[in-house]
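Take a first walk through this structure. Keep the sequence and the 3D view side by side.

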Amino acid sequence: MSDSRLLRIGTRNSPMALAQVERVRAMLADRHPDVTVEVTSMSTSGDRWQGDLAALGGKGAFTKEVDAALLAGDVDLVVHCVKDVPGDRPAPAGTVMAAYLARDDVRDCLVHPVGLRIEQLPAGTRIGTSAVRRVAQLALHWPHLAPVAIRGNANSRLAKLDTGDQYDALLLAVSGLRRIGQAARITHPIDVDTMVPAVGSGTLVLQCREDDTSTRDLAASLNDPRAQQETMAERTMLHILQGNCRSPIAALARTEPDGRLGLRARVISLDGKTVLDVHEWAADPITLGTSVAAALLRQGARDLLEHP
């Protein structure tokens with residue numbers, strides 16, 4: 001861009017969300033030094049609520065206040081973790097996902113006070129996690145471990161672990177810990193073929209108003225085509241399955257050396273006893289996501305999702 005301009009970015013006020021905005025600010029400073037960034041942070045209902053997210057309408061509790069500020073014209077651009085963007089409904093009318101940033105590490109990891117790996121944990125070890133995807137895969141691979149519900153941002157979860165009162169270990173995202181400068185707490189990054197990640201893991205998305213062409217163009221300059229294609233495949237599958245925060249759905253799309261996309265998706269019962277697995281390849285992300293969702297539905301995913 002040749003003209004100097006102000007770009008107002010809206011975000012949640014959690015440490016991780018603010019770190020994510022700093023990444024965007026740094027990318028803009030490198031590529032568009034004439035752009036001045038102003039950050040507006042806000043508390044969301046998802047951050048304030050400590051109960052079951054489903055009671056607030058699911059993952060949208062982390063995005064609706066920020067999206068409202070965007071639609072009202074109070075900010076020009078918002079930064080979301082794709083994992084926090086609801087998959088069972090479209091983006092708010094009048095907005096568009098303008099860019100997907102290059103994907104970070106997609107793995108889940110164990111955080112243990114004395115450095116044990118997950119396979120070394122004794123029976124009854126209390127694992128802090130509220131993600132049904134993680135709970136189901138714990139039951140599948142390590143049924144002797146005991147998942148215990150936990151809420152709050154990553155920093156608060158680490159603080160709860162350090163007290164030792166309720167949790168013996170945590171399951172968290174590698175990318176999230178790295179973003180907040182807590183990579184040293186990672187004990188054991190778990191292989192993606194064992195603990196299949198959440199849809200959109202490791203990916204940040206930039207959202208703006210559909211009619212704001214100058215901001216759309218600015219955001220698009222930061223887009224990573226590979227991350228965009230992989231995320232579109234995963235989220236197409238999630239949307240068709242109508243997955244939400246209560247859905248034990250895991251998926252990971254990866255770009256093959258020949259340019260094809262591969263998408264592995266898994267739907268699991270919460271007791272780990274029923275596992276539906278699909279792995280397909282295609283050149284187009286929408287086609288791939290649709291095909292994988294259809295294959296899961298043929299295996300009985302609808303019934304499993306309604307009665308996990």
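Which residue stands opposite Leu170 in E8, Val111 or another one? Val111 does stand opposite Leu170 in E8. This is a predicted model, in which local features need pLDDT of at least 70, side-chain atom pairs count only at pLDDT 80 or more, and totals for chains, interfaces and linings use all residues. Residues are numbered from 1 along each chain as its sequence is written, and side-chain values use heavy atoms, with hydrogens and water left out.

Stay with E8, which covers residues 169–173. Strands (E, at least two residues) and helices (H or I, at least four) are DSSP runs, numbered from the N terminus. Two strands pair if DSSP finds at least two bridges between them. Strand E5 (residues 108–111) runs antiparallel to E8, and 4 bridges join them. Strand E6 (residues 126–128) runs parallel to E8, with 2 bridges. Here Gly128 stands opposite Leu170.

Is E8 enclosed or open? 5 of its 5 residues are buried, so E8 is largely enclosed by the rest of the structure. Buried means under 20% relative accessible area, exposed means over 50%, and partly exposed lies in between (1.4 Å probe, protein chains only). In a regular strand, side chains alternate between the two faces of the sheet. Both faces of E8 are covered. Ala169, Leu171 and Ala173 are buried on one side, Leu170 and Leu172 on the other.

Now find Met97, in strand E4 (residues 95–100). Met97 has a relative accessible area of 22%, so this residue counts as partly exposed. Leaving aside neighbours within four places in sequence, Met97 is in contact (heavy atoms within 4.5 Å) with Val85, Ala91, Val205, Leu206 and Gln207. Leu77 is 20 residues from Met97 along the chain, and their C-alpha atoms are separated by 9.9 Å.

Move on to another sheet. It is open, has 3 strands in the order E11-E12-E13, and pairs antiparallel. Strand E11 (249–255) and strand E13 (275–282) are the edges, each pairing on one side only. Neighbouring strands here are turned by 10° against each other on average, direction ignored. Axes are lines fitted to C-alpha atoms, for helices over the stretch in contact, and angles run from 0 to 180 degrees between N-to-C directions.

E11 and strand E12 (residues 261–268) pair over 7 bridges. Leu252 has Arg264 in E12 as its bridge partner. Helix H8 (residues 225–241) packs on this sheet and touches E11 and E12. The direction of H8 makes about 150° with that of E11. Helix H4 (residues 132–141) lies across E11, E12 and E13, running at about 80° to E12.
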